Amino acid sequence: MSDEHNTLDAHDDVKDETVLFGITIPFPIYTVVFGALAVLTVIEVLIGTAEHGSLTIPVLFGIAVAKAVMVVLFYMHLRTDNRIFSIVLLIPLIMAIISIIFLLIVPPVAY
Amino acid sequence: MSEITVEQTHHEAPPNHGHASPHARAENLKLAMWLYLGSEVIIFSVLIGAYLVFRFNYPELVRAAQESINVALVGLNTFLLLGSSWAMVMGLLNIQRGNRDGLVRWIGLTALMGTVFVALQGVEYTELAHEGIAVYGNEFGMRFYAMTAFHGFHVIIGVLWALFVIFNARRGNYSAENYAGVEVFGLYWHFVDVVWIFLFTFIYLF
């Protein structure tokens with residue numbers, strides 16, 4: 001790669017239309033992702049404001065993770081960027097998740 | 001006189017001798033931002049972890065507080081922040097294609113949405129204060145305000161940064177060949193969006 005190349009060679013292929021499951025959508029991938037985020041948010045609010053069942057929290061958590069992953073992969077370009085950036089994100093994230101799980105399984109008060 | 005000599009020597013040196021190439025410099029900037037965001041992951045995780053422990057151990061207190069929350073207002077705010085992330089990345093796409101005016105317009109929209117987000121958060125805080133959910137004397141309130149206000153502070157910093165990007169763009173500092181500054185700002189802004197995705201779910205919907 002020459003010095004003249006810019007920083008985002010991997011992103012230059014963003015087109016004005018997106019092919020999704022064989023269907024051509026006349027918007028760039030960024031707009032399609034925003035549409036998906038909006039739809040998921042509406043679903044999330046509908047689920048969250050309804051009566052909570054045993055699956056409500058796992059489903060809401062799954063939707064939140066899906067939305068975050070979309071932003072990180074497409075808007076923050078981890079899908080195409082240098083792998084080292086993903087590692088830099090994942091190391092503290094894994095530490096944080098383990099710590100939170102640990103805190104959640106420890107009894108809140110002494111026996 | 002000696003300064004002039006140094007300057008001349010510097011100009012005569014071979015290109016990139018002892019300096020990172022523009023590509024390497026941009027990658028370094030992005031790595032630095034990702035390292036910073038990694039530290040932010042830990043900070044926000046402490047706040048979120050503390051809230052989740054409270055949420056699962058005292059669900060009745062959280063349920064009572066959630067009845068005072070205006071989910072429609074917060075839902076609108078969530079759309080604003082998601083929309084601002086979209087506007088941000090569209091600005092990046094524009095400058096990648098050499099459209100500086102497009103960059104200014106889209107980043108301007110990002111800043112506007114961020115500003116409205118903070119303003120509506122102020123409205124929400126006022127409503128909650130009237131409902132008795134305050135920073136002091138309320139178990140839910142102290143955790144709620146710690147998380148959302150810290151996030152709001154990040155949004156305010158992001159808005160100021162967006163204005164700085166617009167200022168730079170108007171001065172012609174970005175082009176289709178040089179937009180690392182825009183992308184690094186974008187990483188920050190999208191991270192703030194990702195944090196809100198989790199805060200919205202954990203605080204308002206769980």
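Start by selecting Arg143(B), which sits in helix α6 (residues 139-170) of chain B. Helices here are DSSP runs of H or I with at least four residues, strands are runs of E with at least two, and both are numbered from the N terminus. This is a predicted model, in which local features need pLDDT of at least 70, side-chain atom pairs count only at pLDDT 80 or more, and totals for chains, interfaces and linings use all residues. Residues are numbered from 1 along each chain as its sequence is written, while chains are lettered from A and ligands numbered from 1 in the order in which they are written.

Is Arg143(B) buried or exposed? Arg143(B) counts as buried, with 22 C-beta neighbours inside 10 Å. The cut-offs are 20 or more other C-beta atoms within 10 Å of a residue's own for buried, 12 or fewer for exposed, and partly exposed in between, with C-beta atoms placed from the backbone.

Now show the partners of Arg143(B). Leaving aside neighbours within four places in sequence, Arg143(B) is in contact with Ala50(B), Tyr51(B) and Phe54(B). A contact means that the C-beta atoms of two residues, placed from the backbone, lie within 7 Å.

Next, select α7 of chain B, residues 180-205. This helix has 26 residues and reaches 37 Å from its first C-alpha to its last, close to the 38 Å expected at 1.5 Å a residue. The expected span is 1.5 Å times one less than the number of residues. Of the 26 residues of α7(B), 23 are buried, so this helix is largely enclosed by the rest of the structure.

Along the principal axes, the C-alpha atoms of chain B fill a box of roughly 70 × 30 × 30 Å. Buried residues are 38% of the 206 in chain B. Among contacts in chain B between residues at least 6 apart in sequence, 81% join residues at least 24 apart.

Move to chain A, which has three helices and two strands, running β-β-α-α-α from the N terminus. Of its 111 residues, 22% count as buried. The mean pLDDT of chain A is 87, and 87% of its residues reach 70 or more. Among its elements, β1(A) has the lowest mean pLDDT (85) and α2(A) the highest (97).

Two loop residues of chain A come next. Most residues other than glycine have a negative phi. Select Phe21(A), in the loop between β1 (18-20) and β2 (23-25) of chain A; its phi is near 50°, a positive value in a residue other than glycine. Phe21(A) is exposed, with 5 other C-beta atoms within 10 Å. Then select His77(A), in the loop between α2 and α3 of chain A, where phi is near 65°, again positive in a residue other than glycine. His77(A) counts as buried, with 21 C-beta neighbours inside 10 Å.

Finish by displaying both chains. How many residues of chain A are in contact with chain B? On the chain A side there are 44, in contact with 47 residues of chain B. The elements that give two or more residues to that side of chain A are α1 (29-49), α2 (56-75) and α3 (83-105), and α3(A) gives the most, with twelve residues. For the model, the scores are ipTM 0.87 and pTM 0.88.

Conventions:
pLDDT is the predictor's confidence in each residue, from 0 to 100.
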